[in-house]
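Here is a short briefing for a reader meeting this protein for the first time. Please look over the sequence and the model before reading on.

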Amino acid sequence: MSTPSPHGRSRIAALAVVLAAASAFTLVACDDSGGSSTSSATPTSPDTASFSGNAASALASVKASVRAEASKRAASASAAASSFEASVSAEVGRADKAARTELAKVDGQGNAMSDVTMTGKPRSETGGLLAVVVTITNKTDATASYAVQVDFLDSSGKVVETRYVGAEDLKPGERVQPVAVSRKPADPVLTPKLAKAQRY
């Protein structure tokens, strides 16, 4: 048997590669049962006959539920606001008149600005109302009464509401904390400002 030439060997190698590739393709294309395997890339539509329910009525039910919950929360917040305001209204009503009368005589900011500080009260505790705790401390060595004016300003700095609080006959070193409550809606947001404080 003669040895193939280099050119013949190259042709034999190329033929072997082609045969191997063809065999591999045949194996991939056949399944275990010997038949050819085909797959479809086109999805099929679901059978809507088996669906039940009505999307529109379900959506309407969800909307009604959300409205009912929102209404319930609004009523709850309103009740909480009324309850908070009622709890401070008796004290505020009496002090309001006395403070107004006293501050009407005052020029400028008054003589007790350094005796008064303010701290915001969380709306979660006031039913959503804007309220500030006004801390009045008698820093003198004699019994004194106080009148305080709190202004509520809008974003432009304009006074849109004024509240008055006060304290009577505080002993030296005694401290009280009346609450000034805005009755304006939550929007736009207002900023409380200590406008006047008078010791008398």
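The points below go from the whole chain to single residues.

This is a predicted model, where local features need pLDDT of at least 70, side-chain atom pairs count only at pLDDT 80 or more, and totals for chains, interfaces and linings use all residues. Residues are numbered from 1 along each chain as its sequence is written, and side-chain values use heavy atoms, with hydrogens and water left out.

**The whole chain**

- The protein chain has two helices and seven strands. Helices (H or I, at least four residues) and strands (E, at least two) are DSSP runs, numbered from the N terminus.
- Read from the N terminus, the order of elements is α-α-β-β-β-β-β-β-β.
- The protein chain counts 200 residues, and 26% of them are buried. Buried means under 20% relative accessible area, exposed means over 50%, and partly exposed lies in between (1.4 Å probe, protein chains only).
- Take the contacts between residues at least 6 apart in sequence: 68% of them join residues at least 24 apart. A contact means heavy atoms within 4.5 Å.

**The three-stranded sheet**

- Three strands make an open, antiparallel sheet in the order β4-β3-β7. Two strands pair if DSSP finds at least two bridges between them.
- β4 (159–170) and β7 (191–199) are the edge strands, each pairing on one side only.
- Neighbouring strands of this sheet are turned by 20° against each other on average, direction ignored. Axes here are lines fitted to C-alpha atoms, for helices over the stretch in contact, and angles run from 0 to 180 degrees between N-to-C directions.
- Strand β3 (residues 144–153) joins β7 through eight antiparallel bridges. Q149 has K196 of β7 as its bridge partner, and D151 has K193 of β7.
- β3 and β4 also run antiparallel, with nine bridges between them. L153 sits opposite V159 of β4.
- The hairpin of β3 and β4 has five residues between the strands, and G157 takes a positive phi near 90° there.

- Ten of the ten residues of β3 are buried.
- Both faces of β3 are covered. One side holds A144, Y146, V148, V150 and F152, and the other holds S145, A147, Q149, D151 and L153.
- The largest nonpolar core has 18 residues, and those touching the most other members are V116, V134, I136, Y146, V148, V150 and A180. Such a core is a set of buried Ala, Val, Leu, Ile, Met, Phe, Trp, Tyr and Cys residues joined through side-chain atoms within 4.5 Å.
- β2 (131–137), β3, β4 and β7 are the elements that give two or more residues to this core. β3 gives the largest share, five residues.
- Leaving out residues up to four places away in sequence, V150 touches M118, V132, V134, E161, T162, R163, A180, P192 and K193.

- E161 belongs to strand β4. Why does E161 count as buried? The reason is its relative accessible area of 8%, because buried means under 20%.
- N138 lies in the loop between β2 and β3. N138 is buried, at 1% relative accessibility.
- The N138 side chain makes a polar contact with the Y146 side chain (3.2 Å). The N138 side chain also reaches the backbone oxygen of K171 at 3.3 Å.
- R199 is in strand β7. R199 counts as partly exposed, at 24% relative accessibility.
- R199 and S145 are 54 residues apart along the chain, yet their C-alpha atoms are separated by 5.7 Å.
- A polar contact of 2.6 Å links the side chains of R199 and D115.

Methods: Polar contact = N/O pair within 3.5 Å; in protein donor to acceptor, adjacent residues only side chain to side chain.
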